[in-house]
Amino acid sequence: MTFDDVILGRRSIRGYKPDPVPRALIEEIIGLAMRSPSSMNTQPWSFYVLTGEPLDRIRAGNTERMIAGVPQSREFRTGEAFGGHHRERQIGVAKQLFAAMGIAREDKARRDDWVLRGFRQFDAPVCVIITYDRVLDGSDDTPFDCGAAATTLVNAAWSRGLGAVINSQGIMQSPVVREHAGIPDDQVIMKSIALGWPDHDFPANAVVSERKPVAEAAVFVGFED
């Protein structure tokens, strides 16, 4: 695939085949992700890659605690709930996904089940947890750099036939994640990425989220018309 093919073709994958992903392929993808730019080459990121029984324990603990009403304990700031056009876009992609899956607005059971899929990392065979060095906590550059690495990772995965979705639901309960992923206290848990071979029969995988036009997003100054 060309660069444009990857960028324009990639989409978030929420349904996976159970087939394992070779460790060597994941290492190759992470190696590409680590070529992302970082502030003054600080390279603040670490990657905890889980599969099999350890990942299943995280899925179970995360889901059980959320169902039991244990308050979420994500370690990065989430800010206030979205409003205005940001909320409209959030609702828009949810409508696209529910329509693809045939989930009616009044079908609470299936809507709740969809949320639980997120807590289970969408049942992907691999989960990549991105952390950063706690000594850098408070720097806005650090999570920005981790975001760049996450973006490169999912694009590299797509270029090799793998699917991925960057998410927060899978790390809602950070004590569970820390315990079973072996993440030390000197690391801040930033994001998780579900990773695996896409199940092309899973309806939501066909959803391509909408993007606002360049004319709305970009301001050009000093250019001739």
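Guide: Let us begin with contacts: two residues are in contact when heavy atoms lie within 4.5 Å. The model shown is a predicted one. Among its contacts between residues at least 6 apart in sequence, 85% join residues at least 24 apart.

Visitor: How many helices and strands does the protein have, and what pattern do they follow along the sequence?

Guide: There are eight helices and four strands. Read along the sequence, they give the pattern α-α-β-α-α-α-β-α-β-α-β-α. The radius of gyration is 18 Å, close to the 17 Å that the globule rule gives for 225 residues, so the protein is as compact as a globular protein of that length. Along the principal axes, the C-alpha trace spans about 60 × 45 × 35 Å.

Visitor: What percentage of the residues count as buried, and what supplies the exposed surface?

Guide: A residue is called buried when its relative accessible area is under 20%. By that criterion, 39% of the 225 residues are buried. The protein exposes about 13100 Å², and carbon and sulfur atoms supply 55% of that area.

Visitor: Which members of the largest nonpolar core touch the most other members?

Guide: This core has 37 residues, and those touching the most other members are Phe-47, Ile-129, Leu-153, Ile-193 and Leu-195. The elements that give two or more residues to the core are helix 2 (23–33), strand 1 (45–51), helix 3 (52–67), strand 2 (126–133), helix 6 (141–159), helix 7 (174–181) and strand 4 (187–196). Helix 6 supplies the largest share, seven residues.

Visitor: Which residues does Leu-195 touch, not counting residues up to four places away in sequence?

Guide: With those sequence neighbours left out, Leu-195 touches Tyr-16, Ile-26, Ala-124, Pro-125, Val-126, Val-128, Ala-157, Leu-162, Gly-163 and Ala-164.

Visitor: Is Thr-63 buried or exposed?

Guide: Thr-63 belongs to helix 3. Its relative accessible area is 12%, and Thr-63 is therefore buried. Not counting residues up to four places away in sequence, Thr-63 touches Leu-116, Phe-119 and Arg-120.

Visitor: Which residues form a nonpolar patch on the surface?

Guide: Phe-3, Ile-7 and Leu-8 form such a patch, with about 370 Å² of accessible area together. Leu-8 is part of helix 1 (residues 3–9). Leu-8 has a relative accessible area of 71% and is therefore exposed.

Visitor: How many salt bridges does the structure hold?

Guide: Side chains of opposite charge can pair when their charged atoms come close. In this structure there are nine salt bridges. In one of them, Arg-23 pairs with Glu-27, and the closest N and O atoms are 2.9 Å apart. Both Arg-23 and Glu-27 lie in helix 2, four residues apart, about one turn of the helix. Arg-23 is exposed at 66% relative accessibility, whereas Glu-27 is partly exposed at 45%.

Visitor: Which salt bridge links distant parts of the chain?

Guide: Arg-160 forms a salt bridge with Glu-28, the closest N and O atoms being 2.5 Å apart. This pair links distant parts of the chain: Arg-160 lies in the loop between helix 6 and strand 3 (163–167), and Glu-28 lies in helix 2, 132 residues apart. Both partners are partly exposed, Arg-160 with a relative accessible area of 31% and Glu-28 with 40%.

Visitor: Which residues do salt bridges with shared partners join into one network?

Guide: Asp-123 forms a salt bridge with Arg-117, with 3.7 Å between the closest N and O atoms. Salt bridges that share partners join Arg-117, Arg-120 and Asp-123 into one network. Arg-117 is buried, with 12% relative accessibility, whereas Asp-123 is partly exposed, with 35%.

Technical notes
Residues are numbered from 1 along each chain as its sequence is written. This is a predicted model: local features need pLDDT of at least 70, side-chain atom pairs count only at pLDDT 80 or more; totals for chains, interfaces and linings use all residues. Side-chain values use heavy atoms; hydrogens and water are left out. A nonpolar core is a set of buried Ala, Val, Leu, Ile, Met, Phe, Trp, Tyr and Cys residues joined through side-chain atoms within 4.5 Å. Buried means under 20% relative accessible area, exposed over 50%, partly exposed in between (1.4 Å probe, protein chains only). Patches are made of residues with over 30% relative accessible area and no salt bridge: like charges are joined within 9 Å, nonpolar side chains (Val, Leu, Ile, Met, Phe, Trp, Tyr) within 5 Å. Accessible areas come from the Shrake-Rupley method with a 1.4 Å probe; for residues, only the protein chains shown count as cover. A salt bridge is a side-chain nitrogen of Lys or Arg within 4 Å of a carboxyl oxygen of Asp or Glu. The radius of gyration is taken over C-alpha atoms; the globule rule is 2.2 Å times the number of residues to the power 0.38.
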